[in-house]
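Here are some notes for a first look at this entry. Please read them with the model open.

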Amino acid sequence: MLEPSDSIASLWRFDGTVSRQTYALVGFIGFAIKHNIDRVIAHKYLYNSYGLFNYWAPLNKAARLTHLSYAEEQFLFTLVLVSLPFIWVGVNLTVRRLRAAALPLWLVCLFFIPFVNVPFFLALCLFPPKHKEPANEAAPWPHVRPLDKFIPRDMLASIMLSIVVTTIIGLVCLSLSTLVIGSYGWSLFIALPFCMGLFAVLLHSYHQPRSLEACLQVSVMPIVILGALLLAVAIEGIICLLMAAPIAMFLALLGGSIGYIIQARHWGARNKPAMLTAILLVLPSAFFGEHAIALKPPDFVVHSSVEINAPPEAVWHQVIAFSEIPPPQELLFRAGVAYPIRAEISGSGVGATRLCIFSTGPFEEPITVWDEPRLLKFSVSKNPAPLNELSPYKNIHAPHLHGYFISRGGQFLLTALPGGRTRLEGTTWYQHTMWPATYWSWWSNYVIHRIHMRVLNHIRDRAESQALQAVATPAD
């Protein structure tokens, strides 16, 4: 019997043989997993149902690669991306099954030919071995180190390989999460950077232990390069990358530190391939598991206030509709974060619609409470994008800019103070579907507070200015 670590490690090499039973079991289980993943992808992009025959005609029509819609292009790209690990395992086991049956190894090409690959797989499940199948299907451990020939011993070459491979893993997992699953959750912002740091260190230290300094440096470099790639290919902008950087860098360093402890104390010949493989299997499982759980986004609320040297009646008219605010001077808004420009209102009382015009578009705000001059409360029926990404490119359309931050409603509360003054408090209720929710709420709360203050300060200046003009102008 193979030990579990041997079985996992054998997926890294093409030597040895595999039995009919193992080949059939892994093949059928792999097909079941792959088919269900493809159904999720198909449901997201094109179809409500995705059958077995779609493997030969994914688009349900003749291939016209020069006339594909955007959804079809994304669908096919995602199918290919998700297929890569299954192709690796399938080719690996097919080569070893051919060797066990003493058949020419070039027959592995049949694995890729539509319609032919199914009877080819069934034939290999039934074809008897040339010789008696050994108890151990691959060469025993201490004589075979499956990754030795692929991982260089040289320090610089090992660093480069670790960084490149880990960056590719990060890019594939990020694409899986954002483009396929549509999730910006715990798996993307917690599991991925941690596993990237851990994997990079374990790969770098495969042949010999490395120093703590070297491990920490290797752990963060894939994160830095991945961020640069996302910026270079116009997937993300500078603002979002800077927001994600603190948590990603910290977790990559944490993963690198754990990797340093493992390679210094527990890094043996048997568990190296098994641990590297386990990391690769954990990541997609985490993404799909989180998607299946469907976490409910929490509700957040932000309050901001100013005191105004004007009575509530004067302030009220500025609250329901205010004139254009001068261009922002704050770096936050000049960098691309959406900021309010002016407010308009159609009608009065409950049922009226207020439009708060932002730099990225209007918020539509149906009035739900009109208690003049004390309380104006509204829901939000339309949300514009939260920011225009700062990028070398003109337009960036990252998925998280649409539907991941939702303003649910807001209100202005006016409280009369002694001396004809008013306390004006602005409140926003909102949700976001990005996790860890608390981490991202630190950023969103700060941004919303700055938006509040831009509006409240403008209302204060306009109300006080008009109050002074009323005092200076004698009544007729």
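1. This is a predicted model. It holds 13 aromatic pairs. One of them joins Tyr184 and Tyr404 edge-to-face, with 5.0 Å centre to centre and 80° between the planes. The two tyrosines are 220 residues apart. Tyr184 sits in the loop between helix H5 (155-181) and helix H6 (186-204). Tyr404 sits in the loop between strand S5 (375-379) and strand S6 (405-417).

2. Another pair to check is Trp316 with Trp370. It is also edge-to-face, at 5.5 Å centre to centre and 80° between the planes. Trp316 belongs to helix H10 (residues 312-320) and Trp370 to strand S4 (residues 361-371). They are 54 residues apart. Trp316 is buried, at 1% relative accessible area.

3. Ser348 lies in the loop between strand S2 (340-346) and strand S3 (353-358). Its relative accessibility is 58%, so Ser348 counts as exposed.

4. Back to the rings. Ring pairs link Tyr184 and Tyr404 with Phe189, Tyr439, Trp440 and Trp442 in a cluster.

5. Look last at helix H8 (residues 238-265). H8 has 28 residues and spans 39 Å from first C-alpha to last, close to the expected 40 Å. Where does H8 kink? The kink is at Ala245, about 45°, shortly before the proline Pro246.

Conventions. Residues numbered from 1 in each chain as written. Predicted model: local features only at pLDDT ≥ 70, side-chain atom pairs only at ≥ 80, totals over all residues. Heavy atoms only, no water. Helix = DSSP H or I, 4+ residues; strand = E, 2+ residues; numbered from the N terminus. Expected span 1.5 Å × (residues − 1). Bend = angle between axes of the 7 residues up to and from the residue. Buried < 20%, exposed > 50% of the residue type's maximum accessible area, 1.4 Å probe, protein only. Phe/Tyr/Trp six-rings, centres within 6.5 Å; stacked < 30°, edge-to-face > 60°.
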